[in-house]
Amino acid sequence: MKKFLSYTQTALSFIAIILSIVAICVSYPRNEDSSLDYIGIIVGILGALVAILVGWQLYNALNLKELVNQTEKAKADAIEAKNQAEQMLRDTQVSTTQLSSKLTSITDEVTHLSNCNRSSIEQISMITKGMTDLQSIVKNSMELYKSMQSYIEKLNEELGKKINKDEIQFATEEDIKKMMDDIFGNDKGES
């Protein structure tokens, strides 16, 4: 609204100036005796107005050229920013691909290590079971060894008794079985 009033006031001022000039020209017509030449004044005023308008056009042309330069610079900056953004996108895609590849490799290695650990645990479990079985065998062997040692001691005692009596007799198969039954029990003597 303020701009409209400003334009209206400027237009009315120009109209008032033109009407004033016309009124002066009508009131004082051109006269040869008078040294005042109104047409020259009017032409001078019109020349001044034309000069102002041409100056205004030049000013606008320079502003327009500057505006075009700023627009071109903004366009170049926008193109450069677009190219940088595209380069960053390509770099990001390459980095993402490399990261994905490394992640897959790490996943494969973890899976392999997990399988190796599982295999190692199974082997350790088998070795532990084997050691337990071996301990049981050694324990049974020690018991058999002790039983055999006891048997030999009893046999030596019996032999010692018979040697002292000078009654050496050779044992029969039944005597041996009986001694075995006495030492090892009925089940072990039969086997």
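Which element gives the most to the nonpolar patch? Helix α2 does, with five residues. This is a predicted model, in which local features need pLDDT of at least 70 and side-chain atom pairs count only at pLDDT 80 or more, while totals for chains, interfaces and linings use all residues. Residues are numbered from 1 along each chain as its sequence is written, and side-chain values use heavy atoms, with hydrogens and water left out.

The nonpolar patch lies on the surface and is formed by F14, I17, I41, I45, L46, L49 and I52, which together have about 640 Å² of accessible area (Shrake-Rupley method, 1.4 Å probe; for residues, only the protein chains shown count as cover). Two or more residues each come from α1 (2-27) and α2. Helices are DSSP runs of H or I with at least four residues, numbered from the N terminus. F14 is found in helix α1.

One aromatic pair is found in the whole structure. W56 and Y59 form this tilted pair, at 6.0 Å centre to centre and 35° between the planes (ring centres within 6.5 Å; under 30 degrees is stacked, over 60 edge-to-face, the rest tilted; for Trp the six-membered ring is used). W56 and Y59 are three residues apart in helix α2 (residues 38-164), so about one helical turn separates them.

The accessibility classes are buried (under 20% relative accessible area), exposed (over 50%) and partly exposed in between, with a 1.4 Å probe and protein chains only.

| Residue | Relative accessible area | Class |
|---|---|---|
| W56 | 52% | exposed |
| Y59 | 48% | partly exposed |
| F14 | 48% | partly exposed |

Conventions. Patches are made of residues with over 30% relative accessible area and no salt bridge: like charges are joined within 9 Å, nonpolar side chains (Val, Leu, Ile, Met, Phe, Trp, Tyr) within 5 Å. A salt bridge is a side-chain nitrogen of Lys or Arg within 4 Å of a carboxyl oxygen of Asp or Glu.
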